[in-house]
Amino acid sequence: MTQNIPIVENIMNANDKLAQTNRARIDAAGVFSINILASPGAGKTSLIEQTLPLLKGKLRVATVDGDIATSIDADRAAAAGAGAAIQINTGGDCHLDAVMLYGALEQIDLTQFDLLIVENVGNLVCPANFKLGTHKTVLVASVPEGDDKPYKYPGTYRGVDALVINKIDLLPYVNFRMDYFQQGVQVLNPGVTTFPLSCTTGEGLDAWVEWLIQNAKG
Amino acid sequence: MHELPITESLLKISLQHAEKANAKRITDLHIVMGELASMVDDSIQFYWEIIAKDTIAEKATLHFRRVPAELQCMTCFEKYHPTDKELICPKCHGVGAKIIKGEEFSLESIDVE
């Protein structure tokens, strides 16, 4: 005889619960944490590289870098001044999940830091589904990717707390309609904090750094 | 490819509930999937056949109930279905909308024997 068992359970529950555990751990240490999402090549690691020297003497920073393979990103973060730089190799997975961050946090004495930067795997689809437990999610978009990205990846764009628009030094050379881009962002994420900047020229980095400091000290 | 861990989660939840009910076999899964949930049902089906093998959920049929995206404009309060290229309100062209439907992703029920 067939029986129907009602469940109504969010399929992401297991991950979400562990994300809460991560958050509790981060909060207990009094650390401000961000999860950086972007497509490959948007400039996540460059942003971290440019940001760390500007935070020197102001915030103690730990980084967790997710990639399918290699420790290139963690090495770059360590060279730029991260007090701890943990590399997670996902071994093929296209995103970080709460379990992976949990494992990385085991390797960091969070009480020694003010800011935890988690650099997710370069991908605009999958990471949006997996909460990690960080306080804010930051999306790094970049001018050469094109102005249609908010329309193509609404799931990622609507879920972020801050948006960095990198490579603005390339605006004169690329057909990027800032109005159309911003409109796509504003529909689903009205009033999201936006930082247009260039990791190459350094333009706009001050406002971004100030935002990190305010959040970490607030 | 994020569908693999999600399918594993689906199997785990189903097996837990079936075990509680002392079921011998899981025959059907009823899944609700919003258009904005960024999930591909074909991928879930593909992974399911691999990971459910040799469990009591082997051969279970997956049923997907799709929920179309629905937004509500926060300027004129029009409810509308967004298109691929345009997310703004078709009536007043306002930006700033609330998602009313389309983000759902849950396991509603399972049928067991």
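Predicted model: local features only at pLDDT ≥ 70, side-chain atom pairs only at ≥ 80, totals over all residues.

Biologist: Okay, at what angle do α1 and α2 of chain B pack?

Modeller: About 60°, with the axes 9 Å apart. Here α1 of chain B covers residues 3-20, and α2 of chain B covers residues 41-51.

Biologist: Which residues in α1(B) and α2(B) meet?

Modeller: From α1(B) you have B:Glu3, B:Leu4, B:Ile6, B:Thr7, B:Glu8 and B:Leu11. They meet B:Ser43, B:Ile44, B:Tyr47, B:Trp48 and B:Ile51 in α2(B). By class, the residues of this contact are seven nonpolar, two polar and two charged.

Biologist: Switching topic: how many residues does each chain bring to the contact between A and B?

Modeller: Chain B gives 27 residues and chain A gives 29. On the chain B side, the elements giving two or more residues are α1 and β6, which is 105-112.

Biologist: And where does the largest share of the chain B side come from?

Modeller: From β6(B), with eight residues. Overall, the side of chain B that touches chain A has 15 nonpolar, eight polar and four charged residues.

Biologist: What does β6(B) pair with in chain A?

Modeller: Strand β1 of chain A, residues 3-10. The two strands are antiparallel, with six bridges. For instance, A:Glu9 has B:Leu107 in β6(B) as its bridge partner.

Notes: Residues numbered from 1 in each chain as written. Chains lettered and ligands numbered in written order. Axes fitted to C-alpha atoms, helices over the stretch in contact; angles between N-to-C directions. Helix = DSSP H or I, 4+ residues; strand = E, 2+ residues; numbered from the N terminus. Contact = placed C-beta atoms within 7 Å. Nonpolar A, V, L, I, M, F, W, Y, C, P; charged D, E, K, R; others polar. Pairing = 2+ DSSP bridges.
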